[in-house]
Amino acid sequence: MAYRQKSPKLQLPKNFHPKIGIVQAIFNKKITDQQCAAACTCLEKYNIKYDIIKVPGCFEIPYTLQQMARTRHTKYHGLVAIGCLIKGRTRHFEVIARAVSQAIMDLSIKHNLPIGFGIITAESAPQARTRINLGYEATYAVLATLINVSGLTPLSFWPSTFRGNGKGKGKGK
């Protein structure tokens, strides 16, 4: 099992009440149910409201995220994609993994919205089960990003080189 650094507790600013949308693919349901439970644990830990929408598979995640992103000004401040792709005997795995990851990145940039990437790509089901916590990690990343970009509280646990200096150069000191 890969080493995972424990995420430090987020310091939520006052009046920080985002709502998060989660899209869960139900293909490989035993795994994605556990990922989704981990994502919910993260949100409940910080008392954050959320909705869950279930879709058949990972390929349907980007479309659903796009529909949710369109309502972001009235409903969602961040989104999380939960899914599991397990490699088979054909190239289908690679095609879907590449298309879905690119579409999610494009949606995040297009809609100026943090989208947590909680889609496991694994060689086998046992390997995928070792990555269940990706649901928590992707959700945590969305919350941390929302805090960081809100300008309310910098992420003090990130090295200053990641926080920038406020002048757009990316070199914080």
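This is a chat about a predicted model of one protein chain.

Me: Before we start, what are the ground rules for this model?
Reply: It's a predicted model: local features need pLDDT of at least 70, side-chain atom pairs count only at pLDDT 80 or more, and totals for chains, interfaces and linings use all residues. Residues are numbered from 1 along each chain as its sequence is written, and side-chain values use heavy atoms, with hydrogens and water left out.

Me: OK, how many helices and strands are there?
Reply: The chain has six helices and four strands. Those are DSSP runs numbered from the N terminus: helices are H or I with at least four residues, strands are E with at least two.

Me: And which pattern do they follow along the sequence?
Reply: Going along the chain you get β-α-β-α-β-α-β-α-α-α.

Me: How much of the chain is buried?
Reply: Of the 173 residues, 41% are buried. Buried means under 20% relative accessible area, exposed over 50%, and partly exposed in between, with a 1.4 Å probe and protein chains only.

Me: What about contacts between residues at least 6 apart in sequence?
Reply: Of those, 74% join residues at least 24 apart. A contact here is heavy atoms within 4.5 Å.

Me: Let's zoom in. Is α2 mostly enclosed or open?
Reply: Helix α2 (residues 61–70) is largely enclosed by the rest of the structure, because seven of its 10 residues are buried. Those are Ile61, Pro62, Thr64, Leu65, Gln66, Met68 and Ala69.

Me: What covers them?
Reply: The cover includes β1, β2 (49–55), β3, α3 and β4 (115–122).

Me: You mentioned β1. Where's glutamine 24?
Reply: Glutamine 24 is in strand β1, residues 19–25. With 1% relative accessibility, glutamine 24 counts as buried.

Me: Which side chain does the glutamine 24 side chain make a polar contact with?
Reply: The side chain of aspartate 33, at 2.8 Å. A polar contact is a pair of N or O atoms within 3.5 Å; within protein, one must be able to donate a hydrogen and the other to accept it, and residues adjacent in sequence count only if both atoms are side-chain atoms.

Me: What else is glutamine 24 in contact with?
Reply: Leaving aside neighbours within four places in sequence, its contacts include Thr32, Cys36, Ile52, Ile53, Lys54, Val55 and Ile82.

Me: Switching to β4: is threonine 121 buried or partly exposed?
Reply: Threonine 121, which is in strand β4, counts as partly exposed at 39% relative accessibility.

Me: Which residues does threonine 121 contact?
Reply: Beyond neighbours within four places in sequence, threonine 121 is in contact with Leu85, Phe93, Ala97 and Arg131. The C-alpha atoms of threonine 121 and leucine 85 are separated by 4.8 Å, though the two are 36 residues apart along the chain.

Me: What about tyrosine 46, where does that one sit?
Reply: Tyrosine 46 is in the loop between α1 (29–45) and β2. Tyrosine 46 is buried, with a relative accessible area of 6%. Setting aside neighbours within four places in sequence, tyrosine 46 is in contact with Pro8, Lys9, Leu10, Leu12, Tyr140 and Leu143.

Me: And how far is the tyrosine 46 C-alpha from that of histidine 17?
Reply: These C-alpha atoms are separated by 9.7 Å, with the residues 29 apart along the chain.
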